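Okay, thanks everyone, let's get going.

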Amino acid sequence: MTCDGISMIRFFAPVLLAFFMIASNAAAHDTSIEDLLTVAEDSNFESTATSAEVVEFVEACASAAPHVRKHVFGQTVEGRDMVAAVVSTEPYVPGDETDQLVSLVFANIHSGECCGKEALLMLLRELTANPDHPWLEKMVVVLVPNYNADANDRMGPNNRPGQVGPVNGMGRRENAQELDLNRDFGKLESPEARSLISLMTLCDPDITIDCHTTNGSQQQYALTYAVPVNPACSQPLRDFMRNKMMPEVTETMEQKDWLLSTTETSIRNATVG
């Protein structure tokens, strides 16, 4: 998958539609914050944000709107702050009781897969500019754009062989301990995984989204997806995804004239997860 603007939006927008099931039309606009560009946008999608630039973007949004707050939930191996943006029309700090739904979205668990990081910053800008956004009527949104911050700053053009862009380089897969954070949810050997689990425990999210990017595989679809097949998964949840959520996503994609999505299948020689 390329990291140009069209591919990024086509990849991420249907995922959000799928999980939130809410129209994303905004009523009010703050032109000053809407003028804030991500590193990807400002470089014509030839570069991706450093960890410091991600924090700077989050801080700019938090300074621009009272319903956006920066939340530090841990430190990486090398001592970088792990930063979340908490977006809520009512006062909320992770751990607070709330009657609203709570969604947790994190990206860059594999830092070379930087599309999700940049897309979350774009989403944060939209939610910052629109305090009456329909998503915020009944939901707290917690965004973690740069989970694997140490790896993010080990940028190089060859960290993701086969991935088309960004041409100026991307982060690497492993954290500073040489651990794959997507394999550390059991042992919790990394401070990053322990911090994320603590955040999850505090937020107790109703839904969690983990953003990834396909490893340079050639696909004609804007989105590939699969419903849970693990027998331990709740049957009502599987039924909801198979019979309601995914059919609506497919219909939305057809209405927007995007290529029809398909069930995800194994890809020969592609990196899994």
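So, Thr128 sits in helix α5, which covers residues 115–129. Keep in mind that this is a predicted model. Is Thr128 buried or exposed? Its relative accessible area is 3%, so Thr128 is buried, the cut-off being under 20%. Now look at the side chain: one of its polar atoms lies 2.7 Å from the backbone oxygen of Leu124. And if you skip the neighbours within four places in sequence, Thr128 touches Ile33, Cys61, Ala64, Ala65, His67 and Val68.

Helix α4, residues 51–64, packs with α5 at an angle of about 10°, and the axes are 10 Å apart. That angle is under 35 degrees, so α4 runs roughly parallel to α5. Who makes the contact? From α4 you have Val54, Phe57, Val58, Cys61 and Ala64, and from α5 there's Lys117, Leu121, Leu124, Arg125 and Thr128.

Which residues does Val83 contact, leaving aside neighbours within four places in sequence? The list is Val55, Val58, Lys70, His71, Val72, Phe73, Leu143, Val144 and Pro145. Take His71 from that list: Val83 and His71 are 12 residues apart along the chain, and their C-alpha atoms are separated by 5.7 Å. Note Val58 as well, which is in contact with Val83 and also belongs to the α4 side of the helix contact.

Technical notes. Residues are numbered from 1 along each chain as its sequence is written. This is a predicted model: local features need pLDDT of at least 70, side-chain atom pairs count only at pLDDT 80 or more; totals for chains, interfaces and linings use all residues. Side-chain values use heavy atoms; hydrogens and water are left out. Contact means heavy atoms within 4.5 Å. Helices (H or I, at least four residues) and strands (E, at least two) are DSSP runs, numbered from the N terminus. Buried means under 20% relative accessible area, exposed over 50%, partly exposed in between (1.4 Å probe, protein chains only). A polar contact is a pair of N or O atoms within 3.5 Å; within protein, one must be able to donate a hydrogen and the other to accept it, and residues adjacent in sequence count only if both atoms are side-chain atoms. Axes are lines fitted to C-alpha atoms, for helices over the stretch in contact, and angles run from 0 to 180 degrees between N-to-C directions. Angles under 35 degrees count as roughly parallel, over 145 as roughly antiparallel, 65 to 115 as roughly perpendicular and the rest as oblique.
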